[in-house]
Each structure stands twice: as C-alpha cells, then as structure tokens.
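Let's take a friendly walk through a protein made of helices packed side by side. Have the sequence and the 3D view ready, and turn the model as you read.

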Amino acid sequence: MIRPARREPAEQAADVPDVGAPDALRFPPRERPTTIRRPARETPFDLETEDEAEHRADAERTATRQEVEREREAQEREATIRQARAALRGQAAAPELASVVWDAHEAIAAARQAEADPDAERVEYVPIARESHGITSLLPIELVPASVYVAPYNLPERSPNPAPTPLDLLRRVLLTALAVALAVAGAVLTAQGLTPALASGTSPLAPWPVAAFAWPLLGVAALAFAAHGWAPDQRSARRQRTLGLPWALAGAGGVAWALSAAFGPTWLALPSSLLVFAGGWEGVRRLNLLTARTRRERWLTDAPTEALLGWGAFSVAWSLSATAAATGWIVEPVTLWSSLTLLACMIPVCVVGMSERGRLVPAIAFGWGAVWLMVARLVGGWHDPILMVVAGVGGIVALLTALARRQEISHNERLALQGLPTP
C-alpha cells in the first residue's frame with residue numbers, strides 16, 4: 001500500500017479555504033518603491049564568502065606589514081639619535097655635515113613627492129642630530145621634535161664626471177697657455193714698472209705702485225688653476241667645463257692690461273680690466289650653481305676665480321680714473337665722482353660675498369687695492385682724506401659682508417647638528 005507523502009502543517013493550512021473572512025479584507029500583494037528584495041543565497045547570512053574572507057586577510061596582512069615598518073623606523077630613529085648623543089659625548093665619531101645636509105635634501109624631496117601623491121603613506125623623516133639642550137632633552141626619544149635644515153646654497157653634485165672629449169683637451173691647453181702668458185706679463189710689469197698715466201699721483205684712484213704686484217700673484221693663481229684642471233678627476237668635470245669661457249676672457253684681459261700698463265697705450269687698460277671683471281663675475285656666478293665638492297676644489301678652482309673678480313673690480317676703478325686723467329676728462333668735484341666710482345665697483349664684491357657660503361677672496365683682492373689707494377692718498381700727489389676714508393670703509397665693508405655670511409651659515413649648521421630649530 002502506497003502511503004501519501006507527508007505534508008507540512010503550513011502547506012495543509014494553505015489548502016484550507018478561509019471561508020469565514022469576508023472578500024473585502026483580502027488584499028492582493030502589491031509592489032511598492034520602498035520594497036527591498038534580497039537576492040537568493042545558497043549559504044546562511046552569517047557565513048563569509050570567499051571574496052570577503054580574502055579581503056579581510058589582505059587587510060590583516062597590510063596592517064601587520066605597516067606595524068612592522070613602524071617598529072623598524074622607530075628602531076632606526078632611536079639608533080640614530082643614540083649614535084648622535086654618543087658623538088656629542090665623544091664616544092663616537094661625529095656625523096659628517098655634508099651627509100647630514102644631503103640626507104635632509106633627500107628627505108625634503110621625498111616629502112614633496114608624497115604631498116603630490118595623496119594616496120601615498122607619509123613618512124616622518126628624522127635627520128641626524130645631536131642631543132638637544134633644554135627641556136627637549138628630558139623628553140622620550142619618540143617625543144623629541146625633529147627639524148630639517150635646508151642649506152641656503154646648492155649642495156655639491158656627486159654624480160660621476162662625463163666622458164672626456166677633444167674639446168676638454170683643447171680647453172685645458174688654451175687655459176694653460178693663457179695662465180703662463182698672464183704670469184709672464186705680470187712679471188714683465190713688475191720689472192718694467194707702470195706707465196706715468198697709471199702711476200700714483202696722476203689720477204685720483206691710482207694706488208701706490210706696490211699694488212701692481214697683484215698681477216704676478218694673479219698669474220700664479222691662474223697657473224694653479226690650470227694645473228688643477230689636468231688632474232684626473234678634473235679633466236672633464238662640469239665645474240672645469242663651465243669655467244672655460246670666463247677664464248679665457250679674464251686671462252686675455254689680464255695679459256692685455258699688464259702689457260698696456262707697462263708699455264701703453266693707456267686707454268687699453270679700461271676695456272682689459274672690464275674683461276677681467278666680467279670673466280671673474282661670470283665664473284663666480286657659475287660656481288655658485290656648482291658648489292665645490294672638496295677642499296681642493298675650493299682652493300684651486302674657486303679661489304683663483306674669486307681673485308679675478310675682486311682684483312678686476314678694483315682695476316676697473318683704477319683704469320677708469322687713469323683714462324679720464326690721460327684724456328683730460330677729470331672734472332669737479334673730483335672727490336664726489338671718484339668716491340661714487342669706487343663704491344660702484346665695490347658693490348659686486350659685496351654681492352658675491354653674500355653668495356654661496358661666503359666668498360672672502362674677492363673682498364681680500366679688492367681690499368689689497370683699497371689699502372694701497374689709502375697709502376697713495378696719504379703720501380701721494382692727490383691729498384684727499386675723504387677718498388681715503390671711502391677706500392678704507394669700502395674695503396672693510398666688503399670683508400665684513402663675506403664674514404657675516406660665513407658666520408650666519410656656520411651658526412645655522414651648528415644649530416641643525418644639535419637638533420635645534422634654525423631661523
């Protein structure tokens with residue numbers, strides 16, 4: 001006998017007609033705009049799908065990786081600060097300033113790149129700094145505020161030199177020949193003596209004849225510069241390449257000035273001194289864009305170029321007054337226009353003194369001429385105390401300008417090494 005299938009109570013109740021309910025109370029099903037239909041699911045609602053589980057696992061792995069990265073950065077920060085504190089106490093070597101400045105530069109570049117990409121995770125950079133003094137030294141390592149020192153000059157370029165070319169050889173040969181010619185012309189000028197038009201007492205800005213010894217000294221500096229260009233690491237260096245044209249102009253101008261001052265004509269001294277000044281100015285400007293990488297480069301490349309600028313500026317004033325005296329263009333008031341000419345030639349020296357890390361050699365070269373100009377005004381034919389005071393004050397101002405720049409940069413770098421904020 002076949003039994004009928006068992007039916008659930010809900011199905012049995014559905015088959016029973018509702019005879020007692022009136023027809024007016026029967027409402028047909030109606031779809032409303034607010035009705036929410038959930039899709040049919042084969043699994044219960046409290047179980048995760050494979051996509052949800054994978055997403056949750058990725059989030060956990062990302063959180064773990066970030067936590068490990070934060071712990072590593074905290075350990076590196078603590079080790080860096082402890083190393084700097086040990087260096088302050090003399091137990092370890094102090095960090096090199098160039099590496100500190102370079103690390104700060106890289107940190108700033110990375111921070112700017114992170115700001116440009118808002119989705120990237122911001123990283124907190126802590127530079128190498130010595131122990132802070134005051135209340136910050138009592139704080140925990142994680143709470144010590146970090147500061148980044150931004151150097152007010154271009155950092156040295158450490159990239160490899162480009163490959164040498166035949167033009168590099170031609171440049172070295174030409175500059176060496178000009179350096180030899182300048183040294184010989186300076187020696188000839190010293191042995192021959194100045195022409196009467198450039199001697200002291202004939203023009204208001206003519207210094208004592210001893211000042212002319214600056215030309216053979218400049219020739220020696222040019223020889224040192226040219227010899228340094230033949231070094232293996234300088235043959236194709238960018239600094240040497242960028243100084244080729246300025247030194248060629250300045251060297252030719254120096255040879256022409258020395259020969260015109262020894263044999264004439266006098267008018268040739270003015271354009272020659274302008275060439276020396278222009279070459280020195282352009283050379284220093286280019287060196288400000290390519291900071292010296294070593295102390296040797298500062299002494300054998302920067303210093304001779306700075307000497308061209310300083311002595312060229314004073315030679316312009318000297319040659320201008322000599323040319324005016326030789327052609328009869330000196331008019332009253334002599335003290336006024338002579339002082340203005342000297343001050344105008346001093347302005348470029350002060351400007352380059354405030355550039356880079358403070359360039360002292362231009363002020364020293366200009367001061368050499370100013371000192372002997374004071375001597376000439378004191379014992380020479382032109383007794384002008386006002387001009388003597390202007391020359392002395394001008395030389396001192398040019399020197400103090402460069403010294404102030406050096407002091408400011410040194411002070412800020414010391415504060416950066418100590419972890420203190422810089423102005």
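The crossing of α5 (214-228) and α9 (residues 295-327) is left-handed, meaning that the near helix is turned anticlockwise from the far one by less than a right angle (clockwise would be right-handed). Helices here are DSSP runs (H or I, at least four residues), numbered from the N terminus. The axes of α5 and α9 come within 9 Å and cross at roughly 150°; these axes are lines fitted to C-alpha atoms over the stretch in contact, with angles from 0 to 180 degrees between N-to-C directions. On the α5 side, the touching residues include Trp215, Leu218 and Phe225, and α9 brings, among others, Leu300, Leu308 and Trp311. Contact means heavy atoms within 4.5 Å.

Keep in mind that this is a predicted model, where local features need pLDDT of at least 70 and side-chain atom pairs count only at pLDDT 80 or more, while totals for chains, interfaces and linings use all residues. Residues are numbered from 1 along each chain as its sequence is written, and side-chain values use heavy atoms, leaving out hydrogens and water.

Now look at α4 (residues 166-192) and α7 (residues 244-263), whose axes come within 9 Å and cross at roughly 20°. These two are therefore roughly parallel to each other, the term for angles under 35 degrees. Their crossing is left-handed. Here is the make-up of both contacts, with Ala, Val, Leu, Ile, Met, Phe, Trp, Tyr, Cys and Pro as nonpolar, Asp, Glu, Lys and Arg as charged, and the others, Gly among them, as polar.

| α5 with α9 | eleven residues | three residues | two residues |

Which residues touch the most other members of the largest nonpolar core? Among its 56 residues, they are Leu189, Trp215, Trp257, Trp311, Leu342 and Phe366. Such a core is a set of buried Ala, Val, Leu, Ile, Met, Phe, Trp, Tyr and Cys residues joined through side-chain atoms within 4.5 Å. Its largest share, ten residues, comes from α9. Leucine 342 is in contact with Leu205, Phe314 and Phe366, among others, leaving aside neighbours within four places in sequence.

Valine 316 lies in α9. Is valine 316 buried or exposed? Valine 316 is buried, with a relative accessible area of 12%, where buried means under 20% (exposed is over 50%, partly exposed in between; 1.4 Å probe, protein chains only).

Methods: Angles under 35 degrees count as roughly parallel, over 145 as roughly antiparallel, 65 to 115 as roughly perpendicular and the rest as oblique.
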